[in-house]
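Welcome, and thanks for taking a look at this one. Here is a short briefing to read alongside the sequence and the model.

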Amino acid sequence: MQHFEREITEPVLLCDNKGLLNPDAIGFSRHPLIQCNLNKNFMRKKKWNYWCVYGEDLLFSATITHLDYAVVCLVYILDYETQRFYEKKITVPLPRAVIMPENVLESLQFNDNNIAVQMNHLNGETHLSVSISDFDGEVLHADLHIYHPPEDESLNVVIPRSRNIFQFTSKHHTLPTMGFVKIGDKQYDFNSDYSFSVLDYGRGIWPREANWNWAMASQRIRGRRIGLNFGGQWTDGTGMTENAVFINGQMTKIHEDVLFTYDKDNIMAPWTIKTKFSNDVNLTFKPFFQRTAKADMKLVRSEVLQLFGYFNGTIQLPDDTVLQIRQMLGSSDEHYAKW
């Protein structure tokens with residue numbers, strides 16, 4: 001049961017002047033054409049810029065999130081070999097506001113006494129700089145240069161649950177990255193031939209409670225840059241998906257919903273991610289590390305189960321060729337938010 005989503009090819013505003021979803025913004029585009037002019041809807045606006053960098057030895061992530069009543073800055077690392085994991089989170093209640101840009105490829109900063117995060121975009125490159133004075137008892141400094149190849153496409157999609165509940169997401173995959181992350185005396189170097197970044201830019205009006213799944217990977221496989229992006233729960237039944245495959249920067253949009261199947265009582269058991277009606281996407285995800293992030297402030301609660309592991313399986317492309325996925329490093333998660 002295949003359907004096709006509307007493709008947007010011209011710039012458009014996400015919202016009207018009442019803060020409602022602009023119907024002309026519903027669809028997907030291959031470039032970030034949608035301006036996220038969120039307004040009104042106090043307490044319901046949610047905005048984030050999430051970066052995940054897959055190095056050869058280290059995964060590094062930095063996020064700035066604006067919840068409309070607080071700003072959260074989160075940085076975490078995972079050493080694949082030793083499985084050393086640590087994360088640092090700072091929550092700042094307003095009015096110490098952080099200005100979240102309305103367009104995807106714009107600069108963003110967060111500065112606190114203990115942490116400074118700079119996401120500066122200029123001339124087709126994002127300079128991601130992070131300094132933390134106490135990161136698991138050591139000083140962390142990251143200096144990463146993320147290249148946006150001009151011919152690359154990205155996944156930009158509006159999920160329309162209603163006129164006043166909706167989300168725009170922009171996913172950028174397989175972005176070559178060079179630089180270093182230094183923690184104490186140990187330095188991890190990132191080579192742009194084998195290190196790739198993923199950007200998840202989100203802007204939307206969300207309900208009081210929400211659940212979603214997200215699976216993604218960005219690696220060089222047999223000489224090609226391959227990116228995977230799949231979403232579930234939040235998108236189901238909306239007529240739009242967050243599903244796509246990237247090959248050397250070119251996106252193939254997958255219009256069919258995918259189903260995430262996993263055992264919540266044994267979260268480290270293999271997951272399956274399959275298209276709902278066809279066999280176009282048929283993947284198994286085998287985790288090797290679990291990240292759990294919980295926050296319970298009564299009125300505000302969240303729980304993230306993020307698994308890092310390897311994808312195996314097949315994806316059938318529109319030209320009937322089959323993309324073989326073998327031991328592809330990535331992540332899959334389940335997220336619950338009451339915010």
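Predicted model: local features only at pLDDT ≥ 70, side-chain atom pairs only at ≥ 80, totals over all residues.

The protein has 24 strands and zero helices, and 56% of its 339 residues count as buried.

**Overall dimensions**
- Along the principal axes, the C-alpha atoms of the protein fill a box of roughly 55 × 50 × 45 Å.
- The radius of gyration is 19 Å, which agrees with the value near 20 Å that a compact globule of 339 residues would have.

- Glu 56, Asp 57, Glu 81, Asp 189 and Asp 193 form a negative surface patch.
- One of these patch residues, Asp 189, sits in strand β14, which covers residues 186-190.

**Around Gly 184**
- Gly 184 lies in the loop between β13 (165-183) and β14.
- With a relative accessible area of 22%, Gly 184 counts as partly exposed, because the buried class requires under 20%.
- His 141 is 43 residues from Gly 184 in sequence, yet their C-alpha atoms are 8.8 Å apart in space.

**Around Glu 125**
- Glu 125 belongs to strand β10, made up of residues 125-135.
- The relative accessible area of Glu 125 is 31%, so this residue is partly exposed.
- Between Glu 125 and Leu 175 there are 9.6 Å in space, C-alpha to C-alpha, although the two are 50 residues apart in sequence.

Note on methods. Residues numbered from 1 in each chain as written. Heavy atoms only, no water. Patch = residues over 30% accessible without salt bridge, like charges linked within 9 Å, V, L, I, M, F, W, Y side chains within 5 Å. Areas by Shrake-Rupley, 256 points an atom, 1.4 Å probe, with all protein chains shown as cover. Salt bridge = Lys/Arg side-chain N within 4 Å of Asp/Glu carboxyl O. Lys, Arg positive; Asp, Glu negative; His and termini not counted. Charge placed at Lys NZ, Arg CZ, Asp CG, Glu CD. Helix = DSSP H or I, 4+ residues; strand = E, 2+ residues; numbered from the N terminus. Rg over C-alpha atoms; globule rule 2.2 N^0.38 Å. Buried < 20%, exposed > 50% of the residue type's maximum accessible area, 1.4 Å probe, protein only.
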